Amino acid sequence: MSDRVELRQVSKVYEGVTVVETLDLAMKAGEFVVLLGPSGSGKTTLLNMIGGFANPSAGHVFIDGEEVTDLPPAKRPTATVFQDYALFPHMSLANNVAFGLRMRQVAKAERLTKAAEMLKLVGLEGFGNRGVHQLSGGQRQRVALARAMAVEPKVLLLDEPLGALDLALRRQMQEELVRLQRRSGATFVHVTHDQEEAMSIADRIVVVNKGRIEDMGPPDRVYLKPASLFAAKFMGESNVLGGRVVEAVGRDLKIETALGALVVPGDAATGAAVHVALRPEQLVLAPTPDSISLGHGRIEELSFQGTHCRCHCRIGSVDLILRAPVSACLTPGRDVALYAARSDVVLLQR
Ligand code: ADP
Ligand code: MG
């Protein structure tokens, strides 16, 4: 199957500053892609180059194999949901949703039928005659979504669309977005800086930093085996230790770290500077057949989180964060031994 969206050797320079470095990025038909990165990393710029709201400084954009690099937004098979919804306050909800169809010269009866269908799809059946001011934030968000979906885009671009919603509503909308995407078969490209949101909705996460792609893959792979230090830290909490490769030990590497020598799987040259990363939930209090010892330490701080206890544990000069089961009944001052499964250890070279 050919790609739905393809950015080929695309870059963007604003006023002499490169905000998107030359990159390639392809997305499949029916794929839910999330662009994840901190503020200013270039996510909106990437989205705008797909939607036609920004022109690449170099490179080419293709949709279903057709070059769209120089086409305006209205000539592309894309639709965009902006963070601020941008609904028309003086229009009824039905006319808001039908707006894109009116621009495409669709007859009135047909566009109102479509608008009613779209409002139903987003759970606002029968709301067509209401005004924008009568809606809650979550309902406005749904109308913006219905309006974008009404033109049946091949690619739906969503720029932090849930940012203004409270947590419960955001979770609900995340599930609805996934359902909508599966039903429509469109490719969704969703921008967020929230790693939990990215993990809960994406088929594939693209981690963006300083206009570059740091990592790209299914959520579980990016979380468990991040490709870079940035990706490891941005995809949730991680214990990261600096180290140096001392020697190869069979198929493993001996790494000198602040916790002493750790023998872990990995691939790096002797003498190379590396980082060892472990998620808080990967640190355990008892050895297993596959584990390495991280040493003995003391619990310094602890907070009850319902499903687990989040603890700071000091081993020598190193502060480690672990998620201990509530049943371990840890208390500050307790001496513990920490272990990690060898297969959980991530060795990073960049
Ligand atoms: P993100 O969406 O990840 O927060 P953006 O793509 O909006 O990042 O911005 C990336 C960088 O490009 C930022 O440094 C921003 O200030 C700059 N930038 C974005 N749009 C423009 C513009 N129209 N003119 C000049 N600089 C811009
Ligand atoms: Mg942005």
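The model is predicted. The protein chain splits into domain 1 (3-233) and domain 2 (237-348). Ten residues from domain 1 and eleven residues from domain 2 make the contact.

**Domain interface**

- The centres of domain 1 and domain 2, taken over C-alpha atoms, lie 38 Å apart.
- Together, domain 1 and domain 2 bury about 830 Å². Carbon and sulfur atoms account for 54% of that area.
- Four residue pairs are in polar contact across the interface of domain 1 and domain 2, with both residues at pLDDT 80 or more.
- Salt bridges between domain 1 and domain 2 number zero.

**The domain 1 side**

- Two helices, α7 (219-224) and α8 (229-234), each supply at least two residues of the side of domain 1 that touches domain 2.
- That side of domain 1 consists of seven nonpolar residues, one polar residue and two charged residues.

- T187 sits in strand β8, which covers residues 187-192.
- T187 counts as buried because its relative accessibility is 0%, and the cut-off for buried is under 20%.
- A polar atom of the T187 side chain lies 3.2 Å from the backbone nitrogen of G30.
- G30 is also one of the residues that T187 touches, leaving aside those up to four places away in sequence.
- On that count, T187 also touches R4, M27, K28, A29 and E31. K154, V155 and L156 complete the list.

Conventions:
Residues numbered from 1 in each chain as written. Chains lettered and ligands numbered in written order. Predicted model: local features only at pLDDT ≥ 70, side-chain atom pairs only at ≥ 80, totals over all residues. Heavy atoms only, no water. Domains from an automatic or database assignment. Contact = heavy atoms within 4.5 Å. Buried area = accessible area lost by both parts, 1.4 Å probe. Salt bridge = Lys/Arg side-chain N within 4 Å of Asp/Glu carboxyl O. Polar contact = N/O pair within 3.5 Å; in protein donor to acceptor, adjacent residues only side chain to side chain. Helix = DSSP H or I, 4+ residues; strand = E, 2+ residues; numbered from the N terminus. Nonpolar A, V, L, I, M, F, W, Y, C, P; charged D, E, K, R; others polar. Buried < 20%, exposed > 50% of the residue type's maximum accessible area, 1.4 Å probe, protein only.
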